[in-house]
Amino acid sequence: MTTPHRFSRQNPLTGRIRVPGDKSISHRSLMLGALAVGETTVTGLLEGEDVLATAAAMRAMGAGVERDEGGTWRIHGVGVGGLLQPERALDMGNSGTSTRLLMGLLASHPVTAAFTGDASLSGRPMGRVIEPLSRMGASFEPSPGGTLPLMMRGAHPAVPISYRLPVASAQVKSAVLLAGLNTAGITTVIEPVPTRDHSERMLAGFGAKLEIGEDDGANGKERVIRLHGEAELKPQTIEVPGDPSSAAFFIVAALVTEGSDLVIENVGLNPTRAGLVEVLRQMGGSIEEMDPREVGGEPVADLRVRHSALSGIEVDPAIAPSMIDEFPVFFVAAALANGRTTTSGLDELRVKESDRLSAMATALTAIGARVEERGDGLVIDGTGGEPLAGGGPVTTHLDHRIAMSMAIAGLASRNGVEVDDTAPIATSFPNFMALLEGAMR
Ligand code: S3P
């Protein structure tokens, strides 16, 4: 069922809000909790559809995963190597992270599993994890083109490998490391370009033996992660910080809406995730970090964001991995900035929940923005703060971040923006609409 909605200019965004827990950390809390021996408790878990798909999968493989009335999640782990064969296909919904990380986890377990997903997920490439996991001994029968639905057979004993990531992907890195947990010996991942490091931080927190170093690669320094298997994980008490990728929509909304002065509390600012804040500041955005602290082993702060005149910028492709999920809403900021914004090196955006370069170029053009789509990025000539014309319906393509980005564009338009389907927002940010309305009251 599709749920269209029209987003239009309203009041400035003011007051204080709190966005839901980090999606990446939430998935990993459930997976690692399910592999520890004993009870892991998690507060602030993101209760979006993607994370709930991971919870259901861990239950289907024998872990106890329950939410108590106070909202704390309790996970009774089965121990590394203890996952059971699931009786039915694992339905991953829209979630690439659930799929790729669980393929890794299961690759070193002696089980057979089928993975299915929605139309968006069924178009996304799985070859990037199939390749290294096959080298470790697992076998796969994907659909033509290396996609879901697929069947996999885990290997036990699996073989440790040393793997240099051919694409900058935290999901591929994590899949190999998770497979390494139940593999005797040292599994090594080499990262020419650093990606989000939640897996490394959390594996170390759960007591896995992990060494992180740096080597000289052909194109400069490379991160080298060595995981010692077979690992024993100890249960943890985890507080999940707010998701910077969800905060991103409110950061941009406050920057582009006249009169806004908004505090977003408890935002995760891990350096491997904080690229958007840095780039928006370079464009003249007023984003102040208040009360910097640590939550769940991650740097966190409250962000005060005020309406600002933004200037176009050439975004350094080296910063892309640290804001990879924020480009759709960043393009909205660029469409309202003064002058030209150029982005490049963003080929990976074509294989997210949708082809985000094409989806955002089409949607922004439809509402009056000046956008040129190139092979690996967009070039956007901004309005200099004037509202966009608006219009639509714009097409979401089963992609939560396209829906939320175009919602924010609607706030900065003369005639509003009709988004064809807001239902996908529930995958990562179930209370997005309520928080947005609350902030504009
Ligand atoms: C994620 C990694 C990124 C990101 C995704 C979450 C993760 O994907 O886009 O939303 O939790 O590891 P890639 O590994 O494909 O870059």
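The structure is a predicted model, in which local features need pLDDT of at least 70 and side-chain atom pairs count only at pLDDT 80 or more, while totals for chains, interfaces and linings use all residues. Residues are numbered from 1 along each chain as its sequence is written, and side-chain values use heavy atoms, with hydrogens and water left out.

In the side chain of Arg-28, an N or O atom is 2.7 Å from an oxygen atom of the ligand. For Asp-325, a polar side-chain atom is 2.6 Å from a ligand oxygen, and for Lys-352 the corresponding distance is 2.7 Å. Taken alone, the ligand exposes 380 Å², of which the protein buries 95%; accessible areas come from the Shrake-Rupley method with a 1.4 Å probe, and for residues only the protein chains shown count as cover.

Charged side chains come next. Side chains of opposite charge can pair when their charged atoms come close. The structure holds 35 salt bridges, each being a side-chain nitrogen of Lys or Arg within 4 Å of a carboxyl oxygen of Asp or Glu. In one of them, Asp-22 pairs with Arg-273, and their closest N and O atoms are 2.9 Å apart. This pair links distant parts of the chain, 251 residues apart: Asp-22 sits in the loop between β2 (14–18) and α1 (23–35), and Arg-273 in the loop between β15 (261–268) and α8 (275–282). Helices (H or I, at least four residues) and strands (E, at least two) are DSSP runs, numbered from the N terminus. Both Asp-22 and Arg-273 are buried, where buried means under 20% relative accessible area, exposed over 50%, and partly exposed in between (1.4 Å probe, protein chains only).

Another salt bridge joins Glu-222 to Arg-164, with the closest N and O atoms 3.0 Å apart. Glu-222 belongs to strand β13 (residues 220–229) and Arg-164 to strand β10 (residues 162–164), so the pair ties together parts 58 residues apart in sequence. Glu-222 is buried at 7% relative accessible area, whereas Arg-164 is partly exposed at 45%. Asp-355 and Arg-350 also form a salt bridge, again with a closest N and O distance of 3.0 Å. A network of salt bridges links Arg-124, Arg-196, Asp-325, Glu-353, Arg-356, Asp-399 and Arg-401.

The helix α8 has Gly-275, Leu-276, Val-277, Val-279 and Leu-280 as its buried residues. These pack against α7 (244–256), β16 (286–295), β17 (298–306) and α9 (327–336), with contact meaning heavy atoms within 4.5 Å. After α8 comes Gly-284, which has a positive phi near 105 degrees.

Finally, Ile-425 lies in the loop between β22 (417–419) and α12 (432–439). Ile-425 is buried, with a relative accessible area of 4%. Leaving aside residues up to four places away in sequence, Ile-425 touches His-400, Ala-403, Met-404, Pro-430 and Phe-432.

Conventions. A polar contact is a pair of N or O atoms within 3.5 Å; within protein, one must be able to donate a hydrogen and the other to accept it, and residues adjacent in sequence count only if both atoms are side-chain atoms.
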